[in-house]
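This briefing sets out computed features of one protein model for a reader who works with structures. Please consult the sequence and the coordinates alongside the points that follow.

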Amino acid sequence: MDIPIYQIDAFADAVFKGNPAAVCPLERWLSDEVMQDIAAENNLSETAFFVPRDEDGAAAYGLRWFTPVSEIDLAGHPTLAAAFLIFSRLDPSLDRIRFHTKIGDVLEITREDGLIVMDFPARPPAPRPGLGDVAAALKANPKEVLAARDGFAVFDSEDQILGLSPDMDKVAELDCLGLIATAPGLDCDFVSRFFAPGQGVPEDPVTGSAHCTLVPYWAERIGKDKLHARQLSKRGGELFCENLGGRVKIAGGAVLFMEGTIRL
């Protein structure tokens with residue numbers, strides 16, 4: 001069996017920036033075990049798989065995401081990468097597509113002003129007991145600790161975010177999928193970093209799904225709905241976001257790095 005595979009740098013305007021994702025367009029779903037094995041072999045933060053889906057009046061696909069160790073319920077940068085592949089290679093006539101996810105959510109993706117815009121569910125953070133010792137995990141004392149799917153640690157400055165050197169074993173022990181650290185930005189509205197060692201991703205370069213939590217928090221705190229964000233990993237990434245209440249828009253660019261064939 002031959003399976004096409006593409007590696008795409010998402011939330012980037014040039015290769016070697018943003019977050020690399022592997023994308024495999026399929027005619028039909030592979031077994032969960034095979035998709036997990038492919039993701040483990042790729043050893044990127046996520047591998048996305050999608051299949052065409054019949055839907056009147058819209059270009060639609062089923063979409064799933066796997067880290068090197070497990071399937072996850074929502075992922076931003078591989079969604080952007082999959083949409084980029086469809087828009088740029090598979091069907092350039094399209095300007096709008098719909099991704100149906102395993103948990104039942106439908107993600108609307110459009111092309112606007114040279115960016116790919118994703119409509120995602122908002123996941124605002126809230127106090128949650130039993131999360132664990134976030135300060136010990138980050139080896140730093142956040143001003144505030146909240147949680148949604150991910151832990152959410154708020155700091156006062158961009159320099160504090162840049163200076164973090166977490167204890168990854170302790171991060172993995174926290175009762176959350178990953179851990180977001182965030183602060184106001186110097187030349188943007190807010191900055192962040194994201195750590196998910198329990199998912200085989202010690203630090204994710206750019207995390208679209210984390211912004212489902214970051215956007216509602218910072219929109220309320222700053223008092224505006226259109227937000228410019230940066231993720232301060234070594235590769236770095238830039239995101240243009242909008243708070244829509246129960247949804248958020250997350251936009252960015254993407255660049256094709258590599259294409260090939262998996263032979264099973």
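Helices (H or I, at least four residues) and strands (E, at least two) are taken as DSSP runs and numbered from the N terminus. On that basis, the secondary structure of the protein chain comes to six helices and 17 strands. The radius of gyration, taken over C-alpha atoms, is 18 Å, close to the 18 Å that the globule rule gives for 264 residues, so the chain is as compact as a globular protein of that length. The globule rule is 2.2 Å times the number of residues to the power 0.38.

**Basis of the values**

- This is a predicted model, in which local features need pLDDT of at least 70 and side-chain atom pairs count only at pLDDT 80 or more, while totals for chains, interfaces and linings use all residues.
- Residues are numbered from 1 along each chain as its sequence is written, and side-chain values use heavy atoms, with hydrogens and water left out.

**Overall form**

- The C-alpha trace of the protein chain spans about 50 × 35 × 35 Å along its principal axes.
- Of the 264 residues, 56% count as buried; buried means under 20% relative accessible area, exposed over 50%, and partly exposed in between (1.4 Å probe, protein chains only).
- Contact means heavy atoms within 4.5 Å; among contacts between residues at least 6 apart in sequence, 64% join residues at least 24 apart.
- The protein chain exposes about 11400 Å², of which carbon and sulfur atoms supply 48%; accessible areas come from the Shrake-Rupley method with a 1.4 Å probe, and for residues only the protein chains shown count as cover.

- A cavity is a set of points, on a 1 Å grid over the protein atoms alone, where a 1.4 Å probe fits but cannot get out, and its lining residues have an atom within 4 Å of a point.
- Grid points are joined across faces, edges and corners, and a volume is the space filled by probe spheres set on the points.
- The structure holds one cavity of 30 Å³ or more, and about 110 Å³ of space lies in the largest cavity.
- Of the 18 residues that line the largest cavity, Glu46, Ile72, Phe194, Asp204 and Thr207 are the closest to its centre.
- Two or more lining residues come from each of the elements β12 (190-196) and β13 (201-204).
- The lining divides into seven nonpolar, eight polar and three charged residues, where Ala, Val, Leu, Ile, Met, Phe, Trp, Tyr, Cys and Pro count as nonpolar, Asp, Glu, Lys and Arg as charged, and the others, Gly among them, as polar.

**Helix α6**

- Nine of the twelve residues of α6 (residues 211-222) are buried, so this helix is largely enclosed by the rest of the structure.
- The buried residues of α6 include His211, Trp218 and Ala219.
- Gly223, which follows α6, has a positive phi near 85 degrees.

- Glu112 is in strand β7 (residues 106-112) and, at 34% relative accessibility, counts as partly exposed.
- Not counting residues up to four places away in sequence, Glu112 touches Val117 and Lys249.
- The C-alpha atoms of Glu112 and Leu146 are separated by 33 Å, at 34 residues apart along the chain.
- Asp113 lies in the loop between β7 and β8 (115-121) and is exposed, at 83% relative accessibility.

- Most residues other than glycine have a negative phi.
- Asp113 has a positive phi, near 55 degrees.
- Lys139, which is not a glycine, has a positive phi of about 55 degrees.
- Lys139 is placed in the loop between α3 (134-138) and β9 (144-147) and is exposed, with a relative accessible area of 55%.

Terms used:
On a 1 Å grid over the protein atoms alone, a cavity is a set of points where a 1.4 Å probe fits but cannot get out, and a pocket is an open set with protein on both sides within 12 Å along at least five of seven lines; lining residues have an atom within 4 Å of a point.
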